[in-house]
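Please keep the sequence and the structure in view while reading.

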Amino acid sequence: MAQNPLQPVPSRRDLIKTAAAGLAAASVAGLWPGGRGARALAAGPEVVTAETKVAQLFKSLTDEQRKAVAFPFDHPLRSEVDNNWFIVKPRIGETFNKDQQALIREIFHDIHSEEYAKQVLKQVEH
């Protein structure tokens, strides 16, 4: 890339001053590694996914609820696929409290595309 003859070439001293000023600004802003801002940026915002909501739901289950709907890894119902939505006897409205029901609805919406969530929910409710 050719240098513009009308624009002066910065000296090494100017480059060092510019770099030092940038480093000082980053340190003051907390963006330099080890600063508070760097840790906050590295951590990023907490991402809530359907999986984290499922974990939250599982942690909220009582022992009685857990016995009714949470099965060991090798249990046959864990691999059950059926057009009949009623794989287990307990029903959401009868088994889970209002907060758990809201969380179940959120999980449902998170795992379905916006385009089909309403249609699938109608089928489930029907």
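This is a predicted model: local features need pLDDT of at least 70, side-chain atom pairs count only at pLDDT 80 or more; totals for chains, interfaces and linings use all residues.

**Overall picture**

The protein chain has 7 helices and 0 strands, and reading along the sequence gives the pattern α-α-α-α-α-α-α.

**The chain as a whole**

- Of the 126 residues in the protein chain, 16% count as buried.
- The protein chain exposes about 11000 Å², and carbon and sulfur atoms supply 59% of that area.
- When contacts between residues at least 6 apart in sequence are taken, 41% of them join residues that are at least 24 apart.

**Helix α6 against helix α3**

- Helix α3, which covers residues 50-60, packs with α6 at an angle of about 160°, and the axes of the two helices lie 9 Å apart.
- Because an angle over 145 degrees counts as roughly antiparallel, α3 is described as roughly antiparallel to α6.
- The crossing that α3 makes with α6 is left-handed.
- On the α3 side the contact is formed by Ala50, Lys53, Val54, Gln56, Leu57 and Ser60, which meet Gln100, Leu103, Ile104, Glu106, Ile107, Asp110 and Ile111 in α6.
- Sorted by class, this contact of α3 with α6 comprises 7 nonpolar, 3 polar and 3 charged residues.

**Helix α6 against helix α7**

- Helix α6 (residues 98-111) and helix α7 (residues 114-125) pack at an angle of about 130°, with 9 Å between their axes.
- That angle makes α6 oblique to α7, and α6 passes α7 in a right-handed crossing.
- The residues of α6 that take part are Arg105, Phe108 and His109, and they meet Ala117, Val120, Leu121, Val124 and Glu125 in α7.
- By class, the contact of α6 with α7 has 5 nonpolar, 1 polar and 2 charged residues.

**Histidine 109**

- Histidine 109 is found in helix α6, and with a relative accessible area of 34% this histidine is partly exposed, since buried would require under 20% and exposed over 50%.
- Once its neighbours within four places in sequence are left aside, histidine 109 is in contact with Ala117 and Leu121, both of which are listed among the α7 residues that α6 meets.
- The C-alpha atoms of histidine 109 and leucine 121, which are 12 residues apart along the chain, are separated by 8.9 Å.

**Glutamine 101**

- Glutamine 101 is likewise found in helix α6, and, leaving aside its neighbours within four places in sequence, glutamine 101 is in contact with Ile92, Gly93 and Phe96.
- Glutamine 101 and leucine 57 are 44 residues apart in sequence, and their C-alpha atoms are 9.3 Å apart in space.
- Leucine 57 is itself one of the α3 residues that meet α6.

Note on methods
Residues are numbered from 1 along each chain as its sequence is written. Side-chain values use heavy atoms; hydrogens and water are left out. Axes are lines fitted to C-alpha atoms, for helices over the stretch in contact, and angles run from 0 to 180 degrees between N-to-C directions. Helices (H or I, at least four residues) and strands (E, at least two) are DSSP runs, numbered from the N terminus. Angles under 35 degrees count as roughly parallel, over 145 as roughly antiparallel, 65 to 115 as roughly perpendicular and the rest as oblique. A crossing is left-handed if the near helix is turned anticlockwise from the far one by less than a right angle, and right-handed if clockwise. Contact means heavy atoms within 4.5 Å. Ala, Val, Leu, Ile, Met, Phe, Trp, Tyr, Cys and Pro count as nonpolar, Asp, Glu, Lys and Arg as charged, and the others, Gly among them, as polar. Buried means under 20% relative accessible area, exposed over 50%, partly exposed in between (1.4 Å probe, protein chains only). Accessible areas come from the Shrake-Rupley method with a 1.4 Å probe; for residues, only the protein chains shown count as cover.
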